[in-house]
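This report considers salt bridges, strand pairing and aromatic contacts in one protein model. Please consult the sequence and the structure below while reading.

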Amino acid sequence: MPKLLENEVRDGSVVIERDVRIPTRDGGFVAADVYRPAGPGPFPALYAVSPYGKDFVDLPAIPAFRHRETGDIAFYVSHGYAYVHADTRGTGHSTFGDWRVLDQSEQDDVYDTIEWIADRPWSSGRIGMIGESYYAIPMWQAAAARPPHLTTIVVYDGAVDLYRDAIYHGGLLSVGFLNWWHTNTRALTLLDPVERLTTPAPANQAAFDFIGQALRHPSHDEFWRERSAADRLADIDIPVYSIANWNQAGLHLRGNLYGYEQVRGPRKLLINGGPVGDAHSSINIFNDQGFHEHLLDWFDHWLKQADTRILDEPAVRVSVRPDGSHRAAREWPLPGTTMRPLYLTSGPSGATSSLNDGRLTWDPPAADEDSTDYSYPADHWGGWPGLGNATAGPGRPPENLSNQTSWITEPLTEDLTVAGGLILELFASSDQVDTQFIVRVVDQPPATDAPEAARAPWAPVVSRGWLRAAHRGTDPARSTDQRPWHRHDQAEPLVPGQVTAFSIEILPTAWVFAKGHRIRVDIANADSPALDAPWNHHYGTRRGTDTYHHDRARPSRLLLPIPPADAWIGEPTPARPSGAPAAGLPGVLGARVEDR
């Protein structure tokens, strides 16, 4: 396998320093590889750090190697940047200390490394941070800490608040993601390096039991506050380019959007996603040559102080699904957006196979008493390693609509665009002291649109929301008309049989429901590792009956964010066709202003 920049090192145009030990304030070190152009400089620097192993940088950046999230190091070095790639403490070659997942020591290491880079004789003292996913999360923390030489961050798929964004959705343990991610990340240090064939990892390497600690901290307490930048975003005054992806709805999406909304410096937002069905759009875009040409304009502007005119572009660009076309805007949330209610009422609608086949209407309910009971679990649900609340049969794939409650509109008489955060205002009671609500908003097409072999039309999930009933308390000061802010600081048991109002956050989207399609909302208290992974949740020992109320006095409703037509700038730009060459991407994202 060819080594990164080996030809350039051979011809003397590039210098690589490997396993440089960067001192930290607690007397330890983190290990980094430094790639830079030959010569004295000064060079601006890009800095990337993660627990994913800097030695794996020679692997191709393809979905099979999901942890290859540095971007094209050679590309940036060829454009006059130094690139510093470090292992997080307690992982890889950073053998000092414990990797405790974004704790204060890890944050201090990032600060110290930034200032170390600025002090190198080849450094210009202007430093940006780059990388995807875990590489991106520490950027929020670093920018809030304000190291003097951190000049800009490009946060690609970067959560802000581990508790709310990724681990405890609405207070529900996201066991599918947590188990998969943390185990595989530890394996990159403990199993995958070549030296592991003959030499075991040091005892401190990837030794911290993050999963165990997450289970011991089911509420948002000091353990999670230490690892979150959510309360410090207003301290960020350097330029921020926040890049989100609709496909990261249970991991990074919420943080990218909330971070963009809260920072106080120059800012830019891009929400990618591509056409529905492009599961690898996030990593494929980040590793696209054209995309990095676009990012180069950002870095050149702030780190080289070059006139790239990138700030002349609209501040916000959004992939609107299901076709993935891009729309430009001046701000997010889109100004002038109104929240239009759809009310839950009893059916039948004749359009679903759900347990109740309820209806969604634009008019408030007129009945004095109307409700839907939901008992759980059904005898055929499968615990680990089964399908959860999904069922399957000979010749048909798994589905779980028949194990859930749902409410659906009549076919739409015209296209309807929603853009922003959704909210489900639900009146519910339970015979238990706690329950949970797992919500899907679905675009159900006409049956005639379904492939002939399908038993029902394929209905894409537009967005998802979750809430643990005992975590229903909100903070009015931080809640908005598109996002209730749940405190998650203590559990408040339900009074069995007592009707309670719940405000359920449903993650933002930008979606066009086409004429003839129906809007559907599904509610359950369980999900499926087959259908909802990796955002499936711990079910545990729940058993009981919940009642969803939807009558005149208790009008449960789904609030849809409807933007005005003038919230957008210009016309849509079509999404790049799947498999198109990289040269097609700048036409959507990175074309310079004079070429538009």
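Arg520 and Asp522 form a salt bridge in which the closest N and O atoms are 2.8 Å apart; the term denotes a side-chain nitrogen of Lys or Arg within 4 Å of a carboxyl oxygen of Asp or Glu. Both Arg520 and Asp522 are buried, where buried means under 20% relative accessible area, exposed over 50% and partly exposed in between, with a 1.4 Å probe and protein chains only. The model is predicted, so local features need pLDDT of at least 70 and side-chain atom pairs count only at pLDDT 80 or more, while totals for chains, interfaces and linings use all residues. Residues are numbered from 1 along each chain as its sequence is written, and side-chain values use heavy atoms, with hydrogens and water left out.

## Salt bridges

Side chains of opposite charge can pair when their charged atoms come close. A search of the whole structure finds 38 salt bridges. Three of them are set out here.

| Salt bridge | Closest N and O atoms |
|---|---|
| Asp19 and Lys54 | 2.5 Å |
| Asp434 and Arg468 | 2.7 Å |
| Arg520 and Asp522 | 2.8 Å |

Asp434 lies in the loop between strand E19 (416-430) and strand E20 (436-444), whereas Arg468 belongs to strand E21 (residues 461-468); this pair links distant parts of the chain, 34 residues apart. Helices (H or I, at least four residues) and strands (E, at least two) are DSSP runs, numbered from the N terminus.

Lys54, in contrast, is buried, with a relative accessible area of 1%.

## Strands and sheet

Strand E1 also belongs to an open sheet of eleven strands, whose order is E1-E2-E4-E3-E5-E6-E9-E10-E11-E12-E26, with mixed pairing. Two strands pair if DSSP finds at least two bridges between them. E1 and strand E26 (568-573) stand at the edges with a single partner strand each, so one side of each is left without a neighbour in the sheet. From one strand to the next, the twist averages 20°.

Within this order, strand E5 (residues 123-129) and strand E6 (residues 150-156) pair in the parallel sense over three bridges. Thr152 in E6 is the bridge partner of Gly128. Helix H3 (residues 104-118) packs on the sheet and touches E1, strand E2 (29-37), E3, strand E4 (82-87), E5 and E6; contact means heavy atoms within 4.5 Å. The direction of H3 makes about 145° with that of E5. Axes are lines fitted to C-alpha atoms, for helices over the stretch in contact, and angles run from 0 to 180 degrees between N-to-C directions.

Strand E24 (residues 544-549) is mostly covered, with five of its six residues buried. Strand E15 (residues 371-376) pairs with E24 in the antiparallel sense over six bridges, and Ser375 has Thr545 in E24 as its bridge partner. E19 and E24 likewise run antiparallel, joined by four bridges; Ser429 stands opposite Thr547 in E24.

## Aromatic contacts

The structure holds 30 aromatic pairs. Rings of Phe, Tyr and Trp (its six-membered ring) pair if their centres lie within 6.5 Å; planes under 30 degrees apart count as stacked, over 60 as edge-to-face and the rest as tilted. For Phe75 and Tyr76, the ring centres are 5.1 Å apart and the planes stand at 85°, so the pair is edge-to-face. Phe75 counts as buried at 8% relative accessibility, and Tyr76 counts as buried at 0%.

Phe210 and Trp224 also form an edge-to-face pair, at 6.1 Å centre to centre and with 80° between the planes. Phe210 lies in helix H7 (residues 210-216) and Trp224 in helix H8 (residues 222-226), so the pair ties together parts that are 14 residues apart in sequence. Phe210 is buried, with a relative accessible area of 0%, and Trp224 counts as buried at 1% relative accessibility. Both belong to one aromatic cluster, whose members include Tyr52, Trp99, Phe223 and Trp535.

The charged end of Arg227 sits over the ring of Phe223, 4.0 Å from its centre. Here NZ of Lys or CZ of Arg must be within 6 Å of the ring centre and within 35 degrees of the ring normal. The charged end of Lys268 sits over the ring of Tyr241, 5.8 Å from its centre.
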